[in-house]
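Take a look first, and then we'll go through how its pieces pack together.

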Amino acid sequence: MNQSLKLTCFGAAGEVTGSKHLIETPAGSRILLDCGMFQGRREIATEKNCCFGFDPSTIDAVLLSHAHIDHSGLLPKLGKEGYDGPIYTSKGTQSLSEPMLLDSAHIQQEDERFVHKHHIESPIEKKVPLYDEDDVIKVLKQFVGKPYDERFRLTDDVDAILHDAGHVFGSEIIVLFIKTPEGERKLVFTGDLGRPNMPIIQDPTLVDEADFLICESTYGDRMHERVAEIEDDLKSIVTRTAKRGGKILIPAFALERTQEIILRLENLIHKRDIPGLRIYVDSPLAGKLTQVFEQHPEYYDEEMKKRSEEHGKVFSFANLDFTESVDESKKLNDLRGPAIIIAGSGMCENGRIRHHLKNHIEDPMSSILIVGYQAEETLGRKLVKGEKRVRILGREYDVKAELHVFTSLSAHADMNDLDAYVKHIRGLKKIFLVHGEETSRQAFAKRVEAFYPGAEVILPEPKMTYEMA
Ligand SMILES: [Zn+2]
Ligand SMILES: [Zn+2]
């Protein structure tokens with residue numbers, strides 16, 4: 001034991017996606033927290049996803065915080081390039097990862113076809129796909145599903161516990177207990193931190209004390225609206241669009257956001273606050289993930305547990321349709337009158353939502369509801385910024401549909417939630433802020449320095465190594 005305890009962030013450092021944090025222990029263990037994909041515009045993301053910056057075969061253990069692709073999406077590539085050890089995560093995340101990673105492989109195959117079809121010659125574009133379905137099936141065998149709140153051994157010098165992060169179904173806060181010459185040190189990685197009182201899942205677990213914290217900072221400089229305001233906004237937009245006879249398009253992440261929107265809409269229909277429109281979930285991935293939810297009611301909060309005990313399937317009611325095949329999806333083009341279409345992808349960069357946007361974005365009777373985080377340079381971000389002319393599937397369109405941005409439906413802690421979470425942890429010596437754009441994590445850092453004067457706040461740069469102790 002002559003080395004120090006070190007952290008190197010290979011992604012999500014000064015940006016949101018690509019979460020990958022390498023911990024090197026004094027005894028020489030190399031633990032990887034998350035192995036996420038960089039997301040955003042294809043050309044930029046592909047370049048960043050090509051090389052890890054470390055040798056996968058040198059890693060001793062991997063822990064995965066949740067099933068979002070920006071945290072899990074490069075695991076098949078990690079396996080393909082030499083990592084054959086265990087990938088510890090919750091049982092919920094394990095079950096969700098199969099459809100999530102297979103979908104990721106599928107999107108890359110589509111990208112490859114696009115590159116071929118358009119004879120794109122740049123060397124970066126030729127790097128897709130990063131992996132295929134066989135690589136996914138192989139790496140899934142390395143997953144080890146663990147229950148929450150039980151300590152387990154990772155390596156001779158490191159133990160771990162997973163706690164509920166309250167971010168998405170099965171998400172975890174990862175705690176490491178690391179042997180050092182000075183005694184055991186406790187490191188907490190928040191993964192993506194949820195917020196209290198979200199529908200479907202439990203609240204984030206508080207940690208009472210730790211030595212080191214790697215904390216997300218997505219909304220480090222912003223507050224979310226109150227939930228009551230969301231319902232009011234949803235009610236008025238849906239009602240007004242239905243009256244006009246338009247479509248309500250909701251680009252949504254297939255994991256959690258889609259299920260949350262379904263429940264909120266069902267609730268409003270049930271209360272007769274909105275008309276009983278048909279709701280189409282045009283995402284085969286969302287359909288599969290929803291099935292995983294139904295199979296694991298142990299991850300539900302009390303309200304949902306009660307609901308599932310009383311009604312059996314929670315995500316099944318008369319107005320709701322999950323469309324599977326491409327033909328079923330195409331039939332939605334001929335729908336007459338008002339309807340709600342929820343489809344992926346959440347950032348509008350790929351998936352079936354592009355076809356629905358293409359059909360309705362120039363229709364002033366229709367509405368587009370943005371309900372999730374939109375990375376820079378994505379079509380979703382352009383809509384949020386109010387751009388009046390956008391490119392979809394190779395053609396330009398005028399944005400004439402009514403656009404509404406819901407910031408409050410976030411599955412992330414806002415600035416107040418983040419402050420409260422950090423303040424609750426006693427004894428922190430170093431706090432590393434990751435998973436946030438630069439302005440967001442700088443604002444968060446200033447506040448933490450003020451309310452936690454005993455700790456050093458560090459904003460890690462990508463691929464730079466920092467000593468913890
Ligand atoms: Zn996430
Ligand atoms: Zn994330």
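Let's start with one pair of residues: L187 stands opposite F212 in β11. The strands here are β10 (residues 183–189) and β11 (residues 212–216), which pair in the parallel sense over three bridges. Strands and helices are DSSP runs, numbered from the N terminus (E, at least two residues, for strands; H or I, at least four, for helices), and two strands pair if DSSP finds at least two bridges between them.

Before going on, a word on the source: this is a predicted model, where local features need pLDDT of at least 70, side-chain atom pairs count only at pLDDT 80 or more, and totals for chains, interfaces and linings use all residues. Residues are numbered from 1 along each chain as its sequence is written, while chains are lettered from A and ligands numbered from 1 in the order in which they are written.

**Two sheets**

β10 and β11 belong to an open sheet of seven strands with mixed pairing, in the order β7-β8-β9-β10-β11-β20-β21. At its edges stand β7 (152–155) and β21 (456–458), each with a single partner strand, so one side of each has no neighbour in the sheet. From one strand to the next, the twist averages 25°. Helix α14 (residues 438–451) packs on this sheet, where α14 touches β20 (430–434) and β21, and its direction makes about 160° with that of β20. Angles run from 0 to 180 degrees between N-to-C directions, and axes are lines fitted to C-alpha atoms, for helices over the stretch in contact.

There is also an open sheet of seven strands ordered β6-β5-β4-β3-β2-β1-β22, again with mixed pairing. Here the edge strands are β6 (143–146) and β22 (465–467), each pairing on one side only. The twist averages 25° from one strand to the next. Inside this sheet, β4 (residues 61–63) and β5 (residues 87–90) pair in the parallel sense over two bridges, and L63 has Y88 of β5 as its bridge partner. α4 packs on the sheet too, touching β5 and β6, with its direction at about 105° to that of β5.

**Helix α4 and its partners**

Which helices does α4 (residues 91–117) pack against? Helix α5 (residues 133–140) is one of them, and helix α8 (residues 284–295) is another.

| Helix pair | Angle | Axes | Contact residues by class |
|---|---|---|---|
| α4 and α5 | roughly 155° | within 9 Å | five nonpolar, one polar, two charged |
| α4 and α8 | about 170° | 9 Å apart | five nonpolar, one polar, two charged |

Angles over 145 degrees count as roughly antiparallel (under 35 is roughly parallel, 65 to 115 roughly perpendicular, the rest oblique). So α4 and α5 are roughly antiparallel, and so are α4 and α8.

With α5, the contact is made by S97, E98, L101, L102 and A105 of α4 and E133, V136 and L140 of α5. With α8, S95, L96, P99 and D103 of α4 meet L285, K288, L289 and V292. Contact means that C-beta atoms, placed from the backbone, lie within 7 Å.

**Two domains**

The protein is divided into domain 1 (6–222 + 411–467) and domain 2 (227–405), with bounds from an automatic or database domain assignment. Their centres, taken over C-alpha atoms, are 27 Å apart. The contact takes 24 residues from domain 1 and 22 residues from domain 2. On the side of domain 1 that touches domain 2, α4 gives the largest share, seven residues.

Terms used. Two residues are in contact if their C-beta atoms, placed from the backbone, lie within 7 Å. Ala, Val, Leu, Ile, Met, Phe, Trp, Tyr, Cys and Pro count as nonpolar, Asp, Glu, Lys and Arg as charged, and the others, Gly among them, as polar.
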